[in-house]
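This report describes side-chain contacts between rings and between charged groups. The sequence and the structure come first.

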Amino acid sequence: MSPIKPIQPYPALLLQKGSERVLVVADLHLGWEVLLIQKGVHIPSQTPRILDKLLRVIKKCKPTRLIFLGDVKDAIAKVEMEEWRDIPDFFEAIGKKVPDIQVLLGNHDGTLKPLLPETVKILPSTGVVFGNVGLFHGHAWPSPSLLGCRSLITGHIHPMV
């Protein structure tokens with residue numbers, strides 16, 4: 001049995017090793033609506049909708065750990081007002097459901113740390129290994145330790161099927 005299980009119909013994976021269940025999601029880009037607003041297209045924040053979907057996945061999978069594979073937020077060089085408003089509440093809500101939350105920094109996450117609760121662990125952008133699975137965002141070279149893994153999981157490229 002593969003330790004990697006896609007969670008249909010959601011863009012998420014569940015990794016299992018013994019009693020440990022790790023939910024993996026990538027590229028939420030919370031606050032992306034700001035870019036549209038700056039171009040004259042006004043839509044409400046999608047963060048509540050994204051949170052609702054993530055909470056459904058958490059309820060379905062019952063993870064012991066949640067790893068975000070980068071690009072939690074959208075603005076790159078700064079923190080937008082909407083991100084200050086939405087991201088702390090987003091993490092507080094999921095923190096009530098999952099005891100261990102980790103963020104592997106992506107290219108949009110340079111200013112993310114002040115928005116996160118102290119309980120959220122920051123992982124290096126070069127990636128981490130879980131069992132025989134390497135996890136990384138994809139904007140930076142993965143650590144050599146990942147290259148020996150049987151499987152590599154990355155975000156960053158926004159694939160769609």
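A residue is called buried under 20% relative accessible area, exposed over 50%, and partly exposed in between, with a 1.4 Å probe and protein chains only. The model is predicted: local features need pLDDT of at least 70, side-chain atom pairs count only at pLDDT 80 or more, and totals for chains, interfaces and linings use all residues. Residues are numbered from 1 along each chain as its sequence is written, and side-chain values use heavy atoms, with hydrogens and water left out.

**Charged pairs**

A salt bridge is a side-chain nitrogen of Lys or Arg within 4 Å of a carboxyl oxygen of Asp or Glu. There are five salt bridges in the structure, including those tabulated here.

| Pair | N to O distance |
|---|---|
| R56 and D52 | 2.8 Å |
| D100 and R65 | 3.9 Å |
| D86 and R85 | 2.8 Å |

Helices (H or I, at least four residues) and strands (E, at least two) are DSSP runs, numbered from the N terminus. R56 and D52 sit four residues apart in helix α2 (residues 47-61), about one turn of the helix. R56 is partly exposed at 40% relative accessible area, and D52 is partly exposed, also at 40%.

D100 and R65 form a salt bridge. Because D100 is in the loop between α3 and β5 (101-104) and R65 is in strand β4, this pair ties together parts 35 residues apart in sequence. D100 is partly exposed at 28% relative accessibility, whereas R65 is buried at 15%. A network of salt bridges links E20, R65 and D100.

**Rings**

Rings of Phe, Tyr and Trp (its six-membered ring) pair if their centres lie within 6.5 Å; planes under 30 degrees apart count as stacked, over 60 as edge-to-face and the rest as tilted. The structure contains three aromatic pairs. In one of them, the ring centres of F68 and F90 are 6.5 Å apart and the planes are at 55 degrees, so the pair is tilted. F68 belongs to strand β4 (residues 65-68) and F90 to helix α3 (residues 81-95), so this contact ties together parts 22 residues apart in sequence. F68 is buried at 1% relative accessibility, and F90 is buried with a relative accessible area of 1%. Ring pairs join F68, F90 and F91 in a cluster.

A charge sits over a ring if NZ of Lys or CZ of Arg is within 6 Å of the ring centre and within 35 degrees of the ring normal. K17 lies over the face of F130, 5.0 Å from the ring centre.
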